[in-house]
Amino acid sequence: MFATKRLSKELLKIKEHLPPGISIVKSDNLEEWLMDIKVLDENPLYLNETYRLKFTFSKKYPIEPPEVQFVTTPTPTSPTPASSDDNAITNPRRTIPIHPHIYSNGIICLDLLSSAGWSPVQTVESVCMSIQSMLTANSRNERPPGDKDFVSYNRRRPRDINFMYDDDNV
Amino acid sequence: MTSITLEDLLAMEANCDRDESVDLRSLDYVSSYDDHLMCPICHCPFISPVRLKCDHVFCQKCLVSAITTFAASRDDFTCPACRTPTGGVYLKLPRLLVNMCDEIRVRCPFRSEGCEEVAPRVFIQTHVDKYCGYRPMDCPLGSCGLKTRKKDLDPEGRCLHELHQCARCEGNIMEQDYKEHLDELCPNLQTTCPDCHTTILRRELKQHADTCPETIHSCAASKYGCPIQLKRADLATHEQTCPLISMGPYFDAQNARLDSLELTIRHLKQRNEIFEDGLANIRTTLAQSPTASAGPDDRATTSTPPRRNNNDPTSPNSQSQIDSSNQYTATTTNYLLSLHESLREEVGQLSHAITDLDARASMAIMSECLRIKEDMAHTNAAVSSIRMQVQWLLNPRLHQHQSSQRTGGVRTGASPGGHTPTAAAGPSTSTIPLRPRRLSDSGREGTKL
């Protein structure tokens with residue numbers, strides 16, 4: 001009840017206005033939203049790319065943090081057949097941005113998304129902006145250490161993972 | 001103004017059992033309110049607000065739920081808005097703020113039941129408790145379990161959920177709805193058609209509206225712009241002459257064609273975009289390595305016969321050639337280019353590895369040299385000390401030999417100089433011949449490094 005009320009208020013506000021580079025893709029229900037974000041400056045790592053974030057809200061949002069991760073959309077295999085063109089409109093290509101704190105399965109290591117760093121004052125909009133600026137500030141073209149192992153062994157959900165937040169420079 | 005601790009706040013919240021039936025957060029807010037009056041946690045206008053030491057204001061309930069779910073220990077609780085450590089909570093806030101939140105107008109929560117009341121938020125509780133006639137109340141008959149709107153409650157406390165049969169339509173109607181049913185809703189009620197004023201049954205009104213000759217209808221070609229609205233009887237004569245109706249099928253066909261054309265254009269646009277992307281990609285690959293591509297380029301052109309002229313080595317020309325050449329050539333060139341790139345990379349890696357090895361080898365040699373030099377210095381020192389001991393041992397012999405040769409002992413009192421080591425000079429108690437000594441000294445100096 002608390003969560004749906006608050007989310008519907010946020011949704012109203014989002015539909016009215018969103019900061020540049022952030023757009024809402026899907027909000028059919030009040031449990032899972034898709035947002036698209038763009039990095040606005042000239043950072044060559046993310047130039048002309050749009051990334052898709054999936055928000056999953058629990059019943060206790062905003063007291064509990066939402067689950068936020070990057071998601072991909074299936075890439076159209078060959079560009080020539082006309083049938084895949086319709087698909088390209090509804091499902092444009094989305095990839096996982098490269099960043100030393102973003103695993104290649106889309107899981108983000110960011111303290112404000114953990115229950116320790118979360119504050120109920122945060123909104124979907126503010127989380128998007130934080131992730132946007134996290135990408136903007138990055139210049140390293142690399143994945144987190146141990147990315148391969150983590151991606152192949154991890155079957156947990158993001159909220160059950162204990163991250164160590166050791167980098168204060170981001 | 002005094003503050004209370006977080007523990008007190010939690011205890012207070014636990015003790016105060018609210019009997020308020022209205023959830024102020026789920027109300028429909030009619031008047032727009034300033035964002036500053038909004039609790040940052042629940043995004044509603046503040047409901048019994050409290051203030052932290054850092055001057056941030058929250059609803060009391062929101063703050064309590066934030067405290068109870070705070071991850072770290074309760075003493076470390078930080079303000080949700082600014083993360084300042086907070087020790088106390090102020091319960092009193094400026095009346096101005098409270099009033100501004102209280103006078104925001106909201107709808108009655110029983111709007112779905114029919115209540116149209118809009119009141120300042122502070123009064124909505126009273127409205128629901130005392131005045132709202134649409135609030136569902138438990139049936140006075142406890143066993144019934146159904147609810148009745150407050151205004152419909154029977155003054156004598158009877159259950160109004162008993163079913164009655166309507167004399168006209170033979171449907172079963174609850175007592176509370178019976179009067180309304182009789183007066184307005186019964187399908188067998190007699191009504192008059194608003195257009196032709198004939199009396200008909202209520203349930204037939206809909207069918208009648210479709211056939212009533214007096215009802216005003218618009219022309220069938222109204223979607224093409226015919227403005228004429230006539231009674232059904234007159235409409236038939238109009239429709240026979242209406243030019244727009246006769247044009248209708250043609251318009252439809254045109255619309256369908258337009259739609260299909262638009263669809264085709266959209267598809268073509270997309271394909272065009274994809275091709276342009278591909279072209280741009282090829283251009284950038286070529287532009288990135290204009291010099292590097294010169295070599296493999298030429299090879300690619302000579303290996304593919306359909307090229308028109310392959311004896312032009314300048315890079316802009318070769319680029320334009322590639323643009324105009326067929327798909328096969330482009331892919332071959334691309335393949336060769338990428339092959340070339342990867343080989344270059346490998347060569348770079350190898351040269352890097354070689355430099356690395358070189359540096360490591362020279363470092364090893366240098367340290368080995370140093371060690372050997374040190375060893376040599378040690379050996380030198382040992383040799384010279386042995387030499388000195390031999391000298392010392394030989395000295396008395398020489399002395400005897402000299403004194404036996406010379407008849408008189410010629411004593412040279414002066415010692416030969418400051419160079420004499422005390423170890424040699426001390427025990428000898430006699431003059432030492434200059435020559436061998438000097439020799440030994442100079443020899444040592446020579447070997448020392």
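**Exercise 1.** Which strands of chain B does helix α2 (residues 60-68) lie across, and at about what angle does the helix run to β3(B)?

*Solution.* The model is predicted, so local features need pLDDT of at least 70 and side-chain atom pairs count only at pLDDT 80 or more, whereas totals for chains, interfaces and linings use all residues. Residues are numbered from 1 along each chain as its sequence is written, while chains are lettered from A and ligands numbered from 1 in the order in which they are written. Helices (H or I, at least four residues) and strands (E, at least two) are DSSP runs, numbered from the N terminus. Helix α2 of chain B lies across β2 (49-52) and β3 of that chain, and runs at about 90° to β3(B); axes are lines fitted to C-alpha atoms, for helices over the stretch in contact (C-beta atoms, placed from the backbone, within 7 Å), and angles run from 0 to 180 degrees between N-to-C directions.

**Exercise 2.** Place the strands of the chain B sheet in order and explain what is particular about β1 and β3.

*Solution.* The sheet is open, with four strands in the order β1-β4-β2-β3 and antiparallel pairing, where two strands pair if DSSP finds at least two bridges between them. Because β1 (3-5) and β3 (57-59) of chain B stand at the edges with a single partner strand each, one side of each has no neighbour in the sheet. The twist from one strand to the next averages 40°. The partner of β1(B) is reached through three bridges to β4 (residues 88-90) of chain B, in the antiparallel sense, and B:Ile4 has B:Val89 as its bridge partner there. Helix α1 (residues 6-15) of chain B lies across β1 and β4, at about 80° to β1(B).

**Exercise 3.** Describe the two faces of β4(A) and then follow the strand to its partner and to the core.

*Solution.* In strand β4 (residues 67-71) of chain A, A:Val68 and A:Phe70 form the covered face, whereas A:Glu67, A:Gln69 and A:Val71 form the uncovered one. In a regular strand the side chains alternate between the two faces of the sheet. Five bridges pair β4(A) with β3 (residues 50-56) of chain A in the antiparallel sense, and A:Arg52 stands opposite A:Val71.

Turning to the core, the largest nonpolar core has 26 residues, and A:Leu53 is among the members that touch the most others; such a core is a set of buried Ala, Val, Leu, Ile, Met, Phe, Trp, Tyr and Cys residues joined through C-beta atoms within 7 Å, buried meaning that 20 or more other C-beta atoms lie within 10 Å of a residue's own. Among the elements that give two or more residues to this core are β3 and β4 of chain A, while α3(A) gives the most, with five residues.

Definitions and conventions: A residue is buried if 20 or more other C-beta atoms lie within 10 Å of its own, exposed if 12 or fewer, and partly exposed in between; C-beta atoms are placed from the backbone. Two residues are in contact if their C-beta atoms, placed from the backbone, lie within 7 Å.
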